[in-house]
Amino acid sequence: MVKLVLLRHGESIANQQNTYTGWSDVGLTAQGKAQAAAAGKKIAATGILFEHVHTSVLSRAIMTAYIVQDAIGQNYLPITKSWRLNERHYGALRGINKDLTRKLFGPDQVASWRRSFYAHPPLLAHPSRSRRYHAYPATIIPRGESLADASERLLPYWSAELAPRLMAGKNQLIVAHGSTLRALVKYMEAISDAGINKVEIGNAQPIVYTLDQHLAILNKQTL
């Protein structure tokens, strides 16, 4: 048996302000840092010893990962930061208040953009590329993503970096974002395209999977 723990970052400044964020980089609020520390204590109580930590290249996830590593006393662990674990890109919606978009576009349209598998948000006219992506081809920068798009870029990371380590019996910790973790949960649990609409990943709520040698789920627990 092997353990995989999924954790969404603590409350970010954008969460606090109720704005779309996506690939925009924001930090944690004081509450978010406290949530990350509390999540770390819950994970520490399980006694799980990890072999590797995986996170995105966005500050809110990285900061959460560092706080959790400190709380579980496993700062020595190698950590991989990958754009493939970034939050879903919200295109032209980023930076806009979510309640405002409901007034502008209607609650049904906003619900579709936020929760359905295939709906795209309004796309940016041109992709915005920051220094953190200069090592990668410009083609990785989206103008906006559906959850299906985010899943498509995430799953190669699962196949190349996560699944081999898990199948070797090495416990893994992923600290990422609501949408990309929803995409991973959908894949692992074989949730339907329609069913993923009902799945929510809360801030700083650790999800512990126990997997067999073939990565079939033996148990799932939200701490």
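**Ground rules.** I number residues from 1 along each chain as its sequence is written. In this predicted model, local features need pLDDT of at least 70 and side-chain atom pairs count only at pLDDT 80 or more, while totals for chains, interfaces and linings use all residues, and side-chain values use heavy atoms, with hydrogens and water left out.

**Entry 1: helix α7.** I looked up α7, residues 178-189. Helices here are DSSP runs of H or I with at least four residues, strands are E runs of at least two, and both are numbered from the N terminus. The expected span is 1.5 Å times one less than the number of residues. For the 12 residues of α7 that gives 16 Å, and the end C-alpha atoms are 16 Å apart, so the two agree.

Next I checked how covered α7 is, with buried meaning under 20% relative accessible area, exposed over 50% and partly exposed in between (1.4 Å probe, protein chains only). In α7, 10 of the 12 residues are buried, among them G178, L181 and M188. The cover includes strands β1, β4, β5 and β6 as well as helices α5 and α6. Just after α7, I found A190 with a positive phi of about 55 degrees.

**Entry 2: salt bridges.** A salt bridge is a side-chain nitrogen of Lys or Arg within 4 Å of a carboxyl oxygen of Asp or Glu. My search of the whole structure turned up seven.

I looked at D25 with R132 first, where the closest N and O atoms are 3.1 Å apart. D25 sits in the loop between α1 and α2 and R132 in the loop between α5 and α6, so this pair ties together parts 107 residues apart in sequence. D25 is partly exposed at 33% relative accessibility, and R132 is partly exposed at 34%.

Then I took R102 and D99, with closest N and O atoms 2.8 Å apart. Both lie in helix α4, three residues apart, about one turn of the helix. An α-helix has 3.6 residues a turn, so residues three or four places apart point the same way.

My last pair was R153 with E145, also joined by a salt bridge, with a closest N to O distance of 2.8 Å. Are these two buried or exposed? R153 is buried at 7%, and E145 is buried at 5%.

Definitions and conventions
Contact means heavy atoms within 4.5 Å.
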